[in-house]
Amino acid sequence: MPLDPQAAADAARAVPGIPRDADGPVFRDPWEAQAFAMALTLHARGLFSWNEWADTLAEEIKRAQAEGDADTGETYYRHWLATLERLVAAKGVASSDTIHRYRDAWDHAADRTPHGSPIQLRPEDFGPSS
């Protein structure tokens, strides 16, 4: 998912704390860039304002710190992901149950996928049908 440079710059100005260098946001792993891009896309589609995003992200970081997150910067995009999940559920895009179901399916698919191979979800990754 390619990043729109202007949208990335707008997000970096609107949301404090984004890890960045002189060229803009930086990411330790590909999933971090994907979480960032998802937030940009959902913002562009009007799901939330940057103020709402920043407030929810701040709440998520405070919650994580209260639970023992050392706040070394290494977990920053985990907070982005948790914020995405929280806002998507709050806005009725997907329920928390659906989000957890897909997360569990992804974990199952990752467990069976050889290192370096693309992870592909299959129906059996979602467990038995009920």
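Helix axes here are lines fitted to C-alpha atoms over the stretch in contact, and the angle between two axes runs from 0 to 180 degrees between N-to-C directions. The model is predicted.

## The α4/α5 pair

Helix α4 covers residues 76-90, and helix α5 covers residues 96-112. Their axes come within 9 Å. They cross at roughly 140°. Angles over 145 degrees would count as roughly antiparallel, and 65 to 115 as roughly perpendicular. The two helices are therefore oblique to each other.

Which residues make the contact? From α4 come E85, V88 and A89. From α5 come S96, I99 and R103. By class, this contact has 3 nonpolar residues, 1 polar residue and 2 charged residues.

## Aromatic pairs

The model holds 11 aromatic pairs. Two of them are set out here.

| Pair | Centre to centre | Angle between planes | Geometry |
|---|---|---|---|
| W50 and W53 | 6.4 Å | 85° | edge-to-face |
| Y76 and W80 | 6.3 Å | 55° | tilted |

Take W50 and W53. An angle over 60 degrees counts as edge-to-face, and the planes of W50 and W53 lie 85° apart. Both residues belong to helix α3, residues 50-66. They sit 3 residues apart there, so about one helical turn separates them.

W50 has a relative accessible area of 11%, so W50 is buried. W53 is at 0%, so W53 counts as buried too.

Now Y76 and W80. Their ring planes are 55° apart, which makes the pair tilted. Both residues lie in helix α4. They are 4 residues apart, about one turn of the helix. Y76 is buried, and W80 is buried as well.

## The nonpolar core

How many residues does the largest nonpolar core have? The count is 21. Those with the most contacts inside this core are V15, F36, W53, Y76 and W80.

Several helices supply the core. α1 (5-14), α2 (30-44), α3 and α4 each give at least two residues. Which helix gives the most? That is α4, with 6 residues.

## Individual positions

W50 lies in helix α3. Its C-alpha atom is separated from that of A11 by 7.4 Å. Along the chain, W50 and A11 are 39 residues apart.

T56 is also placed in helix α3. Its relative accessible area is 8%, so T56 is buried. What does T56 touch, leaving aside residues up to four places away in sequence? The partners are T83, R86 and L87.

D29 is found in a loop, between β2 (24-25) and α2. Is D29 buried or partly exposed? Its relative accessibility is 39%, so D29 counts as partly exposed. The C-alpha atoms of D29 and Y77 are separated by 9.7 Å. In sequence, D29 and Y77 are 48 residues apart.

Methods: Residues are numbered from 1 along each chain as its sequence is written. This is a predicted model: local features need pLDDT of at least 70, side-chain atom pairs count only at pLDDT 80 or more; totals for chains, interfaces and linings use all residues. Side-chain values use heavy atoms; hydrogens and water are left out. Angles under 35 degrees count as roughly parallel, over 145 as roughly antiparallel, 65 to 115 as roughly perpendicular and the rest as oblique. Contact means heavy atoms within 4.5 Å. Ala, Val, Leu, Ile, Met, Phe, Trp, Tyr, Cys and Pro count as nonpolar, Asp, Glu, Lys and Arg as charged, and the others, Gly among them, as polar. Rings of Phe, Tyr and Trp (its six-membered ring) pair if their centres lie within 6.5 Å; planes under 30 degrees apart count as stacked, over 60 as edge-to-face and the rest as tilted. Buried means under 20% relative accessible area, exposed over 50%, partly exposed in between (1.4 Å probe, protein chains only). A nonpolar core is a set of buried Ala, Val, Leu, Ile, Met, Phe, Trp, Tyr and Cys residues joined through side-chain atoms within 4.5 Å.
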